[in-house]
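Colleague: I am new to this structure and would like to know what the terms rest on. Please show it first.

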Amino acid sequence: DAEAILRIKEENQKHYRRAQRHQEKKEKIQRHNRKLGDLVEKKTYDLKTQYEHLANLRRTHILELTSVIFPIEEVKTSMRDPADVSSESDNAMTSSTVSKLAEARRTTYLSGRWVCDDHNGDTSISITGPWITLPNNGDYSAYYNWVEEKKTTQGPDMEHNNPAYTISAALCYGTQLVNTLSLILDVNLPKKLCNRQFCGENLSRHRFTRAVKRLNANILHLCFSQHVNLDLLHPLHTLRNLMYLVSPDTENLGR
């Protein structure tokens with residue numbers, strides 16, 4: 001029994017020395033983990049600072065791009081409400097007739113259904129200048145109506161003020177701006193759309209509406225990536241959504 005106790009004591013001493021070594025290793029690992037934690041915290045702070053700096057650079061480039069090359073702004077039209085004009089010309093007109101005329105003015109027949117738009121006829125959105133605009137309500141039917149009419153008519157087109165020209169030009173510039181913004185923001189667009197899509201050959205109604213849908217999808221994707229207020233966006237308002245995206249009031253622009 002004395003020999004067994006002695007062996008047990010020796011084994012206990014070995015285990016004790018081994019436990020001490022393990023404790024030293026544990027303390028060493030803990031010190032190493034604290035150093036790594038401090039390093040990771042510092043690197044995280046540096047990375048966050050770099051992200052903020054990069055966001056400011058992106059924001060500066062975008063604001064310069066949209067103020068010098070692609071300015072987007074809201075253009076007020078000089079159209080008067082027909083209800084006001086009619087009421088001035090006819091004193092006997094009832095208030096119900098005036099309200100019906102005002103309601104009819106705010107209603108647009110778009111893609112086979114009637115759409116109510118409070119901005120209809122009041123404003124339009126311009127890009128690169130006040131002479132290149134898009135309808136605020138997203139009704140671009142003037143383009144493919146002009147294309148279909150041109151197919152049936154012979155001779156050169158002398159209508160230089162045709163709204164189809166301004167619509168195609170505005171969509172072309174909008175596409176260029178969206179593709180440039182995707183490069184600056186480093187955001188991959190969900191739909192592929194080349195810059196020359198809306199210029200050159202005349203597009204059929206199907207190809208035109210399909211290209212417009214792809215452009216609107218890309219713009220909404222950029223707006224979502226920059227956390228633009230969803231209450232301001234509308235799936236059919238091409239340049240208006242783009243205007244909200246590049247607005248200086250967009251806090252997360254460049255993230």
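Modeller: Two strands pair if DSSP finds at least two bridges between them. Helices (H or I, at least four residues) and strands (E, at least two) are DSSP runs, numbered from the N terminus. This is a predicted model, where local features need pLDDT of at least 70 and side-chain atom pairs count only at pLDDT 80 or more, while totals for chains, interfaces and linings use all residues. Residues are numbered from 1 along each chain as its sequence is written, and side-chain values use heavy atoms, with hydrogens and water left out.

Colleague: How do you know that β1 and β4 pair?

Modeller: β1 is joined to β4 (residues 123-127) by 5 bridges, and at least two are needed. The two strands run antiparallel, and Glu74 stands opposite Ile125 in β4.

Colleague: What makes β1 an edge strand?

Modeller: The open sheet has 3 strands in the order β1-β4-β5. β1 and β5 (133-135) each pair on one side only.

Colleague: Why is Ser182 called buried?

Modeller: Buried means under 20% relative accessible area (exposed is over 50%, partly exposed in between; 1.4 Å probe, protein chains only). Ser182 has 10%, so Ser182 is buried. This residue lies in helix α5.

Colleague: What does Ser182 touch?

Modeller: Contact means heavy atoms within 4.5 Å. Not counting residues up to four places away in sequence, Ser182 touches Val187, Leu189 and Leu222.

Colleague: Which residues of α1 are buried, and what covers them?

Modeller: Ala55, Arg58, Arg59, Ile62, Leu65 and Thr66 are the buried residues of α1. Their cover includes β1 (72-76) and α5 (163-185).
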